[in-house]
Every structure is written in structure tokens, then in C-alpha cells.
Amino acid sequence: MHTTMTGLGWARAAGAVVGAILVAGCGGGSAVPPGGALPATPSAPAPAPTAFGKEAVRADLAAATAAAGLPGKTTSLSATPPASPYPAGPPATDRERARDEVVARMATCSVGWSSPTDPGSAQDRAEARKRFHAALAGLVERGWKESRPVEEVPVGKGSMVMAQYKKQDWTLHARHVESGLLDTATMTATEDACAARFTDAELNLLED
């Protein structure tokens, strides 16, 4: 029967042959007794783990939301916001400029997903919430672990569902907001090492 040998099998076989030749050459005869074991050869090094980066995170978000039927788009966040089609407003304040600078820095190591913000009926909102929770379950299936219990808090005349997950060196924050006729969901994942470079004061600017 013909057997296909793996790369590791070939390495071990070649090592054993080389070892046998060296032993025979040094001893001038049969240095390995009949039935004796050949010298052990070191195992091949294990392959390096695949890095879990922005594209892998984006793929997880896209797959989880698509499987749940939750409409939206997943993109790597841009450090440069698109130009506004509306007339320019008053000059930005120092706090607004500082916030924009923090957002630009964090965008380099974050991935975001967002749903449409169009108004919908009560039935639409109930379905959207169901799909949001299905998307969270989809993230868990893809290896994201809940790091903070899902909670719901009142927001104006509606409510907001918040969830937090971790996978390898990334933390993901998910939110689903219902207020009036508006229904919107967002998910933002940020690399932990990047987030650690921000001060509490800088992170507080993002709460505005």
C-alpha cells in the first residue's frame, strides 16, 4: 500500500538516515545493534500562530451581522472623516478639536460597524433588536467572550442595550439604541495595546 508521508515524517526519516550513517562511519562496523533504536531527532518547530488583526476583526463583524440578517456596513475606521455636504458651522472649540484628534488616533487601530438610522415602525424595531442579539450570539460563536454582562439602560424616551466582548488582544463594544422612531446599532472593536496609550481624560472626550 502506498502511503503519503507528511513533511514532518520526511524530516524525521531523513534525520534517522543521517544519524545511522554517522554512527556507522565512526565505529568502523555496525554501531547500532540489531533491533536497536535510532537516535531521536528533534521535532519540527510549530508554525507561528496567525496574527489576529483588523481584517480578521472586520471579517468577524461582517459575518456575525450578516448571519443575523442585521443590515449595516463594516469598515476599518478612517482617521480622516468625509467632508460634510452642509455649510460650515462656527469654528470648532478647543474641546472639539481635542476630541477630533483622539478619534483620528484611535481610528488607526479600530474597526467599526453601524446600522442605518432610518426611522421604522414598532414592529421593525422589535425585529432589529432580535437581530442585534442574534449578531451578538454570532460573535460568541466566533470566539468573542463576554467581558461585561449585557445591560439595558434608559436613554431619553427609549433605551440602550450595551455589551462588551474580548477576543485575543481586542475589545469590542456593541450598542443598540431605540429612541422615538429611531433605531440604530453600532459595534466598535479596538486593539487593547492601542487603547492603553490613551489617558482617561482623552477617553472621556469620546463620551461627548
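This briefing describes the strands, cores, disulfide and salt bridges of one protein model.

The model is predicted: local features need pLDDT of at least 70, side-chain atom pairs count only at pLDDT 80 or more, and totals for chains, interfaces and linings use all residues. Residues are numbered from 1 along each chain as its sequence is written, and side-chain values use heavy atoms, with hydrogens and water left out. Helices (H or I, at least four residues) and strands (E, at least two) are DSSP runs, numbered from the N terminus.

**Strands**

- Strands β3 and β4 run antiparallel and are joined by eight bridges; two strands count as paired if DSSP finds at least two bridges between them.
- Val155 has Gly158 in β4 as its bridge partner.
- The hairpin of β3 and β4 has two residues between the strands, and Gly156 in its turn has a positive phi of about 60°.
- Strands β4 and β5 are also antiparallel, with nine bridges between them.
- Opposite Met160 stands Val177 in β5.
- Two residues lie between the strands in the hairpin of β4 and β5, where Gln168 takes a positive phi near 50°.
- Seven of the 10 residues of β4 are buried, which leaves the strand mostly covered; buried means under 20% relative accessible area, exposed over 50%, and partly exposed in between (1.4 Å probe, protein chains only).
- In a regular strand the side chains alternate between the two faces of the sheet.

**Nonpolar cores**

- A nonpolar core is a set of buried Ala, Val, Leu, Ile, Met, Phe, Trp, Tyr and Cys residues joined through side-chain atoms within 4.5 Å.
- The largest nonpolar core has 22 residues, of which Trp144, Leu172 and Met187 touch the most other members.
- Two or more residues of this core come from each of α2 (54-67), β2 (110-114), α4 (122-141), β4 (158-167), β5 (170-179) and β6 (182-191).
- Helix α4 gives the most to this core, with four residues.
- Another core, of six residues, lies apart from the largest one, and among its members are Val102, Met106, Cys109 and Phe198.
- Leu172 has contacts (heavy atoms within 4.5 Å) with residues including Leu61, Leu139, Trp144, Tyr165 and Met187, not counting residues up to four places away in sequence.

- Val102 sits in helix α3 (residues 94-107).
- Val102 counts as buried because its relative accessibility is 1%.
- Leaving out residues up to four places away in sequence, Val102 touches Phe198, Glu202, Leu205 and Leu206.
- Val102 and Phe198 are 96 residues apart along the chain, while their C-alpha atoms are separated by 8.3 Å.

**The disulfide**

- The count comes to one disulfide, defined as a pair of cysteine sulfur atoms within 2.5 Å.
- Cys109 and Cys194 form a disulfide, with their sulfur atoms 1.8 Å apart.
- This pair links distant parts of the chain, 85 residues apart: Cys109 is in the loop between α3 and β2, and Cys194 is in helix α5 (residues 192-195).
- The link of Cys109 and Cys194 is left-handed, with -50° about the S-S bond.
- Cys109 counts as buried at 5% relative accessibility, and Cys194 counts as buried at 2%.

**Salt bridges**

- The structure holds nine salt bridges; a salt bridge is a side-chain nitrogen of Lys or Arg within 4 Å of a carboxyl oxygen of Asp or Glu.
- Arg131 forms a salt bridge with Glu127, and their closest N and O atoms are 3.0 Å apart.
- Both Arg131 and Glu127 lie in helix α4, four residues apart, which is about one turn of the helix.
- Arg131 counts as partly exposed at 31% relative accessibility, and Glu127 counts as partly exposed at 33%.
- Arg129 and Glu152 meet through their side chains in a salt bridge (3.0 Å, N to O).
- That pair links distant parts of the chain, 23 residues apart, with Arg129 in helix α4 and Glu152 in strand β3 (residues 145-155).
- Arg129 is partly exposed, with a relative accessible area of 21%, and Glu152 is partly exposed, with 45%.
- Asp192 and Lys166 form a salt bridge in which the closest N and O atoms are 2.6 Å apart.
- Asp192 lies in helix α5 and Lys166 in strand β4, so this pair ties together parts that are 26 residues apart in sequence.
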